[in-house]
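I opened a new page for a structure I had not looked at before.

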Amino acid sequence: MTYPLTLSSESVIDLPLAEVFALFGAPEASSWLFGARCDRIAVGAPVRISLPVQSHADFAVEVLGRFTRIRHQNLIVIEHHQPWRGEMRVSFQATEPYRTRVRVQANLDANGIDWLGRRIGLVLPTPPPTEAVRIGVLTSKSGPAAIYAMGVEHLAELAVDEVNAMGGIGGRPLEVLIADDATEPAQAAAETARMIRAGCRAIFACTTSASFSAVTKTVGDRGIVVVQPVINEGGAEAGTVVRFGERPAAQVAALARPLMDDAGGRRWFLVGQRYSWSYGAHRAARRILADKAGHVVGQHYVPLGTADFGAVIERIRKSGADIVMSSLIGSDEVAFQRQCTDAGLRSTTRMLSLVMDESTYEHIGPGVTDGIWTALGYFESAAAAGNRDLVARYRQQYGRWAPPVTALSETVYEAVLQYARILETHPDDHARAHADLLRTRSAATDSVTVGARDLTSQGLYLARTRSDGSLHIFDRTD
């Protein structure tokens with residue numbers, strides 16, 4: 001593959017080559033090794049790295065990927081899928097016995113150039129009118145939620161490809177526009193306005209609830225179906241707005257008693273973020289726990305994008321909690337779980353994480369995540385009908401190093417397929433009718449086959465993380 005543009009940056013470090021290479025990805029070296037974070041330098045291991053970009057407003061791009069090639073003390077190659085799909089090369093060169101030059105080069109394809117242009121503030125043209133049926137997918141290709149949103153773009157594209165392979169919508173191709181909300185409601189609103197101008201008939205918002213609210217306000221009464229396929233706190237569903245995904249009340253109800261039995265106690269501490277998702281999740285948890293004789297001894301909310309949880313962990317320790325429920329997302333959840341382990345909290349409490357998908361889990365790292373409980377409607381390893389075929393098609397199209405298929409990416413695949421079927425059978429109905437059909441048809445199905453499931457009230461897989469790096473499914477609710 002050829003790339004039209006390459007970004008590069010370098011740093012000269014006053015340490016020997018072998019020492020610099022060994023420190024790549026370590027927390028103590030992140031400030032002078034491009035913010036790189038990883039548990040180990042090994043082919044297939046996940047890695048995060050920040051690439052400085054010089055423009056009128058300098059900033060750093062956090063790139064999420066995996067090591068695909070390693071030449072000891074000389075070269076690291078990373079294949080990444082966020083915020084665009086490409087390849088990054090990190091080279092190490094000894095310039096003096098105690099000085100090392102580290103150079104990072106990242107390739108950009110057309111999608112990468114488009115993303116970077118928008119990120120630095122360029123106003124790019126709206127896609128021209130087309131005969132295709134156009135839909136939009138808004139996801140978090142950057143910002144704190146980028147970790148859990150890693151596979152969304154690929155799964156949406158896979159669904160569109162499958163619809164078109166079957167003849168499209170009434171003989172017209174289905175086309176998808178992908179947009180990045182950067183985990184910011186204002187950016188979500190701006191990208192929604194762009195998708196409206198581009199003529200998108202539906203917008204699938206795989207975002208935080210704060211961004212989803214910005215989407216619905218921007219769409220207003222314009223006659224566009226708005227779907228939130230991913231886990232959310234519920235509410236605000238009427239007219240052309242549809243909300244699928246897991247609900248925290250069901251997650252807590254499924255795990256409360258097993259967790260309290262395992263912990264030998266009933267005292268809960270709730271940790272979340274200052275926006276609607278955590279507020280709604282904690283309200284639901286309090287209601288469910290009261291019914292199950294659980295007792296909430298404390299809760300704390302932090303801003304989205306928090307990196308230091310020291311004060312929160314101290315409050316948890318002083319509360320005497322037996323169980324901690326986290327509604328944190330993405331990179332915040334990664335930081336929180338790592339710091340809980342470092343503080344020894346894992347040995348005194350049990351953990352329930354509402355958004356512990358495979359992508360978040362692998363960035364926390366094996367050995368750190370032993371004993372975190374979760375309940376989600378999908379796992380890549382689940383023995384669900386049709387799942388093996390879906391994962392095989394996904395890997396064939398996007399490669400072995402693509403992000404995992406997770407509960408927070410797979411549902412956009414199913415939602416797009418279900419919407420396409422409705423457009424095919426009811427082409428002349430208005431958006432509100434399409435939204436009603438999307439809700440009622442999904443709820444009416446009794447299929448358990450991936451691609452045709454009920455997304456309004458999903459059964460949940462109960463799972464627990466293991467220190468060997470696996471995520472063990474131990475039960476399922478209907």
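The entries below record what I looked up, one topic at a time.

**Entry 1: what kind of model.** I noted at the start that this is a predicted model.

**Entry 2: the largest pocket.** I began with empty space. Rolling a probe the size of a water molecule over the atoms shows where such space is left. The largest pocket holds about 690 Å³ of space. I found 33 residues in its lining, and R48, E62, A307, S331 and D332 are the ones nearest its centre. The most comes from α9, which supplies seven residues. Sorted by class, the lining of the largest pocket has 14 nonpolar, 10 polar and nine charged residues.

**Entry 3: the second largest pocket.** I went on to the second largest pocket, where the space is about 570 Å³. It is lined by 28 residues, and those closest to its centre are N111, D114, W115, K141 and I178. The elements giving two or more residues to this lining are α2, α3 (152–165), β8 (174–180) and α4 (185–197). I wrote down α2 as the element that gives the most here, with five residues. By class, I recorded 11 nonpolar, five polar and 12 charged residues for the second largest pocket.

Entry 4: Which two residues are joined by a cis peptide bond? I found Q82 and P83, with an omega of about -5°. P83 sits in the loop between β4 (75–82) and β5 (86–96).

Next I looked at phi. F34 is not a glycine, yet its phi is positive, at about 60°. I located F34 in the loop between α1 (17–23) and β2. Is F34 buried or exposed? The relative accessibility of F34 is 10%, so F34 counts as buried, the cut-off being under 20%. A182 is another residue other than glycine with a positive phi, near 55°. A182 lies in the loop between β8 and α4, and both of those elements are on the list for the second largest pocket.

**Entry 5: helix packing.** I followed α4 to its partner α5 (residues 209–219), and found that their axes come within 8 Å and cross at roughly 40°. That angle makes α4 oblique to α5. The crossing in which α4 passes α5 is right-handed.

I then took α3 with α12 (residues 407–425). Their axes are 8 Å apart and the helices pack at an angle of about 25°. The two helices, α3 and α12, are therefore roughly parallel to each other, since angles under 35 degrees count that way. I noted that α3 also passes α12 in a right-handed crossing.

Entry 6: I ended with A382, which is placed in the loop between β16 (372–376) and α11 (387–398). A382 is buried, as its relative accessible area is 7%. I also looked up its separation from Y461, which is 79 residues away along the chain. The C-alpha atoms of A382 and Y461 are separated by 8.1 Å.

Conventions. Residues are numbered from 1 along each chain as its sequence is written. This is a predicted model: local features need pLDDT of at least 70, side-chain atom pairs count only at pLDDT 80 or more; totals for chains, interfaces and linings use all residues. Side-chain values use heavy atoms; hydrogens and water are left out. On a 1 Å grid over the protein atoms alone, a cavity is a set of points where a 1.4 Å probe fits but cannot get out, and a pocket is an open set with protein on both sides within 12 Å along at least five of seven lines; lining residues have an atom within 4 Å of a point. Grid points are joined across faces, edges and corners, and a volume is the space filled by probe spheres set on the points. Helices (H or I, at least four residues) and strands (E, at least two) are DSSP runs, numbered from the N terminus. Ala, Val, Leu, Ile, Met, Phe, Trp, Tyr, Cys and Pro count as nonpolar, Asp, Glu, Lys and Arg as charged, and the others, Gly among them, as polar. Buried means under 20% relative accessible area, exposed over 50%, partly exposed in between (1.4 Å probe, protein chains only). Axes are lines fitted to C-alpha atoms, for helices over the stretch in contact, and angles run from 0 to 180 degrees between N-to-C directions. Angles under 35 degrees count as roughly parallel, over 145 as roughly antiparallel, 65 to 115 as roughly perpendicular and the rest as oblique. A crossing is left-handed if the near helix is turned anticlockwise from the far one by less than a right angle, and right-handed if clockwise.
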